[in-house]
Each structure stands twice: as structure tokens, then as C-alpha cells.
Amino acid sequence: MNPVVRDANLPPIRILVVDDHTLFRRGLTALLARDPRLSVIGDAADAGQAQRKAQELQPDLILLDNHLPGVNGVDALPALLEVAPGARILMLTVSEDENDLVAALRGGAAGYLLKTIEGDALTAAIQRAMQGESVVAPEMTSKLVAAYRGATTGAPASSGPGAVAAPAAVTTTAEQAIASLSPRELDILRGIVRGASNKEIAREHGIAETTVKIHVQHVLRKLDVSSRVHAAVIASENGLL
């Protein structure tokens with residue numbers, strides 16, 4: 001899987017930033033302004049303002065905090081998608097709660113990122129989301145896998161309105177794909193299942209982070225998936241923990 005490269009001739013991605021902290025909004029806007037492929041066209045401090053701005057500006061992408069005054073970000077998703085149906089929404093939050101993660105993805109979010117994310121990783125995630133990919137913070141991957149497994153086994157973690165539908169049964173093709181992985185690629189995949197970042201995997205195995213990125217690309221290609229989350233689910237269903 002090759003890194004996403006946006007055509008330089010395309011107009012910048014128009015972004016609406018939604019967060020109740022003024023300094024964070026300003027800092028995030030300044031960070032994104034460094035990338036000519038991105039353009040912050042507005043910001044909002046709560047769900048009501050976000051809905052009005054989204055309807056008025058019709059952004060390509062909305063960066064949405066979950067902890068907002070009044071209506072939280074997850075609950076605001078349906079209204080935002082209704083007034084700006086063409087927008088992709090990425091949650092950008094401090095919440096590492098599994099229920100928030102699952103509810104956001106079920107509610108139509110294109111991804112779930114943590115505010116600890118580095119600037120380059122955030123801009124890359126925005127690009128990937130605009131290409132139609134679901135992006136989830138590496139730290140949250142293992143929790144999402146646990147939710148999928150709970151949906152399969154009927155564990156309490158998957159109960160309630162935020163439950164995640166069980167994935168389709170793993171096919172022989174998936175088993176064969178995993179069997180085709182090299183020992184090093186299996187190590188990388190185990191790291192993905194645990195929710196480890198590329199940097200953490202690199203440190204664990206004493207290799208360069210760029211080498212880990214290459215291995216991750218090979219793993220995704222062999223498993224015929226486009227995201228780490230999907231790869232983790234397939235591996236988990238095959239008992240690769």
C-alpha cells in the first residue's frame with residue numbers, strides 16, 4: 001500500500017475545526033496552515049456553532065472534538081452529516097474510551113484520532129480520510145479489535161447502542177494470506193493488533209521506523225486490506241495475539 005499523495009493540482013482540503021478550547025483551535029489552525037494542501041475555512045466552539053458553520057461553509061472535512069459543552073461530538077455527528085453530507089468527519093479527542101470510539105465510527109465518523117498525534121501524522125490521516133479510508137489512532141486499534149471480538153463472542157464490551165457488528169467469518173483466503181507473511185511481518189502484525197505505533201514497534205525490534213512502515217505496507221498488501229484496523233481484526237480472528 002503506497003502512501004497517499006494528493007495531486008498538487010487539486011484545490012486544498014477545506015477544513016472546519018470544532019473544539020471548545022480557543023488556544024487549541026488556534027494552534028491546530030496554525031499547524032494545518034503549514035501544509036498548502038490544507039485550508040482551515042472556519043472553527044466552532046460547540047455543536048450548535050459547528051452545525052451552523054458546516055451548513056454555511058460545506059467543508060470537505062471536519063475535525064471534531066468529543067468533549068464539547070452541551071452536546072458532545074459523537075452525539076453531534078448525525079446533525080453535522082445531515083447539513084454537510086459531503087464532509088468527512090475525523091474525531092480528534094483526548095478520550096481513549098472504547099465506547100466513544102465505537103459510537104463515533106457507528107455514527108458515521110471517518111476516523112478517530114487522539115490529540116497526542118504528531119502534526120505530520122495528522123496531515124497524513126486527513127489525506128487518507130479524504131481518499132475514503134477509515135483512520136484510527138494506533139493506540140485505539142486494540143480496543144476496536146476487542147469490540148469486534150466482543151461482538152463475535154457476545155462479550156459485554158459489545159453490548160448497548162454502540163455495539164459493533166461482528167465481522168464476517170475469516171475465510172481460507174485470509175488464513176492463507178497470514179500464512180504467507182514472513183516472520184518479521186508476523187511480528188509487525190502482532191504489534192498492530194496490540195495497537196502499537198510504528199515507533200514503538202521499531203523500538204521493540206531494534207529496527208528503523210521507516211523499515212517498520214515498509215513492513216506495514218507489505219502486510220496490508222498481502223492481507224488485501226487498506227487499514228491497520230482491518231488487518232488487526234483479521235489477525236485477531238485468526239488467533240494472532
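Modeller: Buried means under 20% relative accessible area. The model discussed here is predicted.

Colleague: What makes both faces of strand 3 count as covered?

Modeller: L61 and L63 on one side are buried, and so are I62 and L64 on the other. In a regular strand the side chains alternate between the two faces of the sheet.

Colleague: Which strands run parallel to strand 3, and over how many bridges?

Modeller: Strand 1 is joined to strand 3 by four bridges, and the two run parallel. Strand 4 also pairs with strand 3 in the parallel sense, over four bridges.

Colleague: Which residues touch the most other members of the largest nonpolar core?

Modeller: They are V18, I62, L64 and M91, in a core of 29 residues. Among the elements that give two or more residues to this core are strand 1 (13–18), strand 3, strand 4 (88–93) and helix 6 (138–153). Helix 3 gives the most, with five residues. Apart from this core lies another, of 24 residues, including L181, A202, A231 and V233. In soluble globular proteins, nonpolar side chains tend to be buried together.

Colleague: What does L64 touch, leaving aside residues up to four places away in sequence?

Modeller: L64 touches V18, G73, L77, L80, I89, L90, M91 and L92.

Colleague: Why is E185 called buried?

Modeller: E185 has a relative accessible area of 5%. The limit for buried is under 20%, so E185 qualifies. This residue is found in helix 8. Not counting residues up to four places away in sequence, E185 touches S180, H215, H218, V219 and K222.

Colleague: Why is Q58 called partly exposed?

Modeller: The relative accessible area of Q58 is 34%. Buried is under 20% and exposed is over 50%, so 34% falls in between. Q58 lies in the loop between helix 2 (47–57) and strand 3 (61–64).

Colleague: How do you know that the buried residues of helix 9 are on the same side?

Modeller: In helix 9 (residues 198–205), N198, I201 and A202 are buried. They cover an arc of only 100° around the axis, which puts them on the same side of helix 9. An α-helix has 3.6 residues a turn, so residues three or four places apart point the same way.

Colleague: Which helices do the buried residues of helix 9 pack against, and what follows helix 9?

Modeller: They pack against helix 8 (183–194), helix 10 (209–223) and helix 11 (228–237). G206 follows helix 9, and its phi is positive, near 65°.

Colleague: How many helices and strands does the protein have, and what part of its residues is buried?

Modeller: There are eleven helices and six strands. Buried residues make up 43% of the 241 residues. The protein exposes about 11600 Å², of which carbon and sulfur atoms supply 52%.

Definitions and conventions
Residues numbered from 1 in each chain as written. Predicted model: local features only at pLDDT ≥ 70, side-chain atom pairs only at ≥ 80, totals over all residues. Heavy atoms only, no water. Buried < 20%, exposed > 50% of the residue type's maximum accessible area, 1.4 Å probe, protein only. Arc of directions from axis to C-beta. Contact = heavy atoms within 4.5 Å. Areas by Shrake-Rupley, 256 points an atom, 1.4 Å probe, with all protein chains shown as cover. Core = buried A, V, L, I, M, F, W, Y, C linked by side-chain atoms within 4.5 Å. Pairing = 2+ DSSP bridges.
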